[in-house]
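Colleague: I am new to this structure and would like to understand the words used for it. Could you take me through them?

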Amino acid sequence: MKVLKVPARTIAVFVLPCLLLYVCLVFVPILVSFGTSLLNWDGITTAKFTGLSNFRDMFWNDPVFWPSVRRTLLYAVASMLEIPLCLFFAILLSRYLRKGNTLASIYFTPVILSVVIIGQLWKTIYNPTSMGGMLNGVLIALGLDSWTHNWLTEPKIAMFSLYFVSLWQYFGYHLLIQYTGVQNIPDEIYEAAKIDGAEGFKADRYITMPLIVPIFKISIVLAFIGSLQAFDLVMVMTAGGPAHATDVISTHMYNSSFLSLKYGYGSAIATFLVLLCLVCTAIINSIFNKLEKKYS
């Protein structure tokens, strides 16, 4: 079969429009944001160049910034905890259930719902009153009155309530990714392993898990980086309250930029968030590259 060689110029003609669009929508805003972070600007009056003063204030003079970073990192770590569980369910659906595709599609349903709908749904579930709070109502019916809480207004547990909603929302998303990866492993490999005495979960341990590492990495990166940028669910359910107890980096950036009208300071927070995402992505890729070499 003759292979058609496409000239490099032809490839460039088709790639260039998409590349330009990507640069304009991603890299240019990042550069503009960094430039704005060097200014003292309220978005209306004339901007004043202040150098790195916004970053200095962010790191040393802002009592909300570092707690928001800590909560964001915990949010990101918590988002990864469900991925091994998703892989386990993906193996069950793929190997031991006949209607795995249907169940995977059902689990995916929360992903396609609007964040506003999900936020309002869970605000109703978390409602502390007996009239609208399903969770407290169930706990009271089970005789667990001491377990009831004001789930979104108690500073010590509000963030954990948001973690659970995020895990519930994206469980089906990562399950579908893992399920697709498991389905793409050739059956011949399992048949050969069965001849050698490896079947069931033993085959999944020595065959499925090593071969699924690249797909597992995709889920980890998407979950971690997506959680670092968490904004919409937090704004819908708590708006960063009570008393900044659920503020994450994105909500703090929003409040600084659009409520306090400190656009330069908000851009400094945005620049920090971009750098944090890049560093975390590099670390995760480095770890999984070593795993891929180990199992290759």
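Modeller: What follows is a short exchange on how some terms apply here.

Modeller: This is a predicted model, in which local features need pLDDT of at least 70 and side-chain atom pairs count only at pLDDT 80 or more, while totals for chains, interfaces and linings use all residues. Residues are numbered from 1 along each chain as its sequence is written, and side-chain values use heavy atoms, leaving out hydrogens and water.

Colleague: Why is C86 called buried?

Modeller: Buried means under 20% relative accessible area, exposed over 50% and partly exposed in between, with a 1.4 Å probe and protein chains only; C86 has 0% relative accessibility, and therefore counts as buried.

Colleague: What makes C24 partly exposed?

Modeller: The relative accessible area of C24 is 47%, so C24 is partly exposed.

Colleague: Which residues of helix α10 are buried, and what covers them?

Modeller: Helices (H or I, at least four residues) and strands (E, at least two) are DSSP runs, numbered from the N terminus, and the protein has 14 helices and 2 strands. In α10, residues 201–211, the buried ones are A203, D204, I207, T208 and P210; their cover includes α3, α8, α9, α11 and α14, where contact means heavy atoms within 4.5 Å.
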